[in-house]
Each structure stands twice: as C-alpha cells, then as structure tokens.
Amino acid sequence: MNPPARYARMAVVLHWIAAVLIIVLLATGWYMVGTQKNTPERAFVFNLHKSLGITTAFVIVTLIAWRIRHAAPALPTTMPRWERTAAVFNHRLFHVFMVLVTLAGYLTSSFSKYGPKLFGVSLPQWGWDDAALRGDFAAVHRVAALVFAVLIAIHVAASLKHWLVDKDGVFQRMLPG
C-alpha cells in the first residue's frame, strides 16, 4: 500500500504553530478564570491570554488563507467513506470555531474598560465598557472554546487511531520532517 500524500511544509508549520498556541490558550483560559480578582497574577494571565489570542488570530488567518489556496492531500480510498466525510467535516468545524472563539474573545475585550492588548500595546476597541455585552460575548467565547476543545480531542483520538491501529500513514502526513 502506498502511503497517502503528505501536507505541504507550510501547512505542517502553520498546523503545529496553531496547535501549540491553541493548547496554551485553552490552558491559560481555564486557569485564568480561577485566579483572584484585582491581583497582579490575574492581570498578567488575562493579558497573556489576550496577547496569545491575537497572535493566534494572525496564524489562523494565514492558515485559513493557505488552506483556501491549497487543497489538502486526498485521504486514502481504503478509509471508509464515513471516516473521510467525518474528517472533512471536523476540519471545517475547526475553521469555524477558530474564528468564532477568536472573534468572541476580541469582542469580550472590546466591551471591557481594559480593552484588547497585544503584549501591552492597546489595540482598537470595537465597543465600550458594557458589562452585559461583555458577559454575552464571554459566554459565547467560553462555550465555543469548550466545543472546540471537544473537536480537538476527537481530532487527536482519530489521529492516534490512524497511527496506532490503522497504521495507514494518515497520521504521518502532518508530522514535521
């Protein structure tokens, strides 16, 4: 059996940069909500989360632009059709939730007196200090992040299945090198 075609180097690099940043964002997001209010630790973690989120937004835009211009390598025809369909659907949902989580996070910051910041530099604020709107956008941000985390878990589980059970080369398509 011939191994399936690999992703282009740029796609692999963008995938792994986005993956690491997103995992760090999920971890800092989970951690920061439990920090004590009005403390330097909370301010640091929130600002780090915002800065990494904005940085990740640039990676996401680049990743999606790349993906629009470059088709993914075909999945092996030996994979059941439902698996190929599920993989395509999960990747499309990834793109939707990457944008949704990022946009909701930016809007949450925009309707806060603190505003969005990129490593201490204030960025355009699309709103005003409004606790109700901030709460609404924060709720969308949290729920979307949780759904996205579930999609990531499914993606990782499927990847491991291809590597350890199927041994069909699908896992290796996205490895560096």
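Mentor: Let us begin with how helix packing is described: axes are lines fitted to C-alpha atoms over the stretch in contact, and angles run from 0 to 180 degrees between N-to-C directions. In this predicted model, helix H3 (residues 81-110) and helix H4 (residues 131-166) pack at an angle of about 150°, with their axes 8 Å apart.

Trainee: Why are H3 and H4 called roughly antiparallel to each other?

Mentor: Angles over 145 degrees count as roughly antiparallel. The angle between H3 and H4 is about 150°, and the pair is therefore roughly antiparallel. Their crossing is left-handed. By class, 18 nonpolar, seven polar and four charged residues make up this contact.

Trainee: What makes H1 and H2 roughly antiparallel?

Mentor: H1 and H2 pack at about 155°, and their axes are 9 Å apart. Because the cut-off is over 145 degrees, H1 and H2 are therefore roughly antiparallel as well. H1 passes H2 in a left-handed crossing. The contact of H1 with H2 has 18 nonpolar, seven polar and two charged residues.

Trainee: At what angle do H2 and H3 pack, and how far apart are their axes?

Mentor: Helix H2 (residues 40-69) and H3 pack at about 145°, with axes 10 Å apart. H2 passes H3 in a left-handed crossing.

Trainee: Which residues of H2 and H3 meet?

Mentor: From H2 come Lys 50, Gly 53, Ile 54, Ala 57, Ile 60, Leu 63, Ile 64 and Arg 67; from H3 come His 95, Met 98, Val 99, Thr 102, Tyr 106 and Ser 109. By class, this contact has eight nonpolar, four polar and two charged residues.

Trainee: What makes a set of residues a nonpolar core, and which members touch the most others here?

Mentor: The members must be buried nonpolar residues joined through side-chain atoms within 4.5 Å. The largest such core has 19 residues, of which Ile 22, Phe 94, Met 98 and Phe 148 touch the most other members. Helix H1 (9-32), H2, H3 and H4 each give two or more residues to this core.

Trainee: Which residues does Phe 148 touch?

Mentor: Leaving aside residues up to four places away in sequence, Phe 148 touches Ile 22, Phe 94, Phe 97, Met 98 and Val 101.

Trainee: Why does Asn 38 count as exposed?

Mentor: Exposed means over 50% relative accessible area. Asn 38 has 77% relative accessibility and so counts as exposed. Asn 38 lies in the loop between H1 and H2. Its phi is near 60°, a positive value in a residue other than glycine.

Trainee: How do you know that Phe 119 counts as exposed?

Mentor: The same cut-off of over 50% applies. At 55% relative accessibility, Phe 119 therefore counts as exposed. Phe 119 lies in the loop between strand S1 (117-118) and strand S2 (121-122), and its phi, near 50°, is likewise positive in a residue other than glycine.

Trainee: How many helices and strands are there, and in what order do the elements run?

Mentor: The protein has four helices and two strands, and from the N terminus on the elements run α-α-α-β-β-α. Of its 177 residues, 36% count as buried. Its C-alpha atoms fill a box of roughly 60 × 30 × 25 Å along the principal axes.

How values were computed. Residues are numbered from 1 along each chain as its sequence is written. This is a predicted model: local features need pLDDT of at least 70, side-chain atom pairs count only at pLDDT 80 or more; totals for chains, interfaces and linings use all residues. Side-chain values use heavy atoms; hydrogens and water are left out. A crossing is left-handed if the near helix is turned anticlockwise from the far one by less than a right angle, and right-handed if clockwise. Contact means heavy atoms within 4.5 Å. Ala, Val, Leu, Ile, Met, Phe, Trp, Tyr, Cys and Pro count as nonpolar, Asp, Glu, Lys and Arg as charged, and the others, Gly among them, as polar. Angles under 35 degrees count as roughly parallel, over 145 as roughly antiparallel, 65 to 115 as roughly perpendicular and the rest as oblique. Buried means under 20% relative accessible area, exposed over 50%, partly exposed in between (1.4 Å probe, protein chains only).
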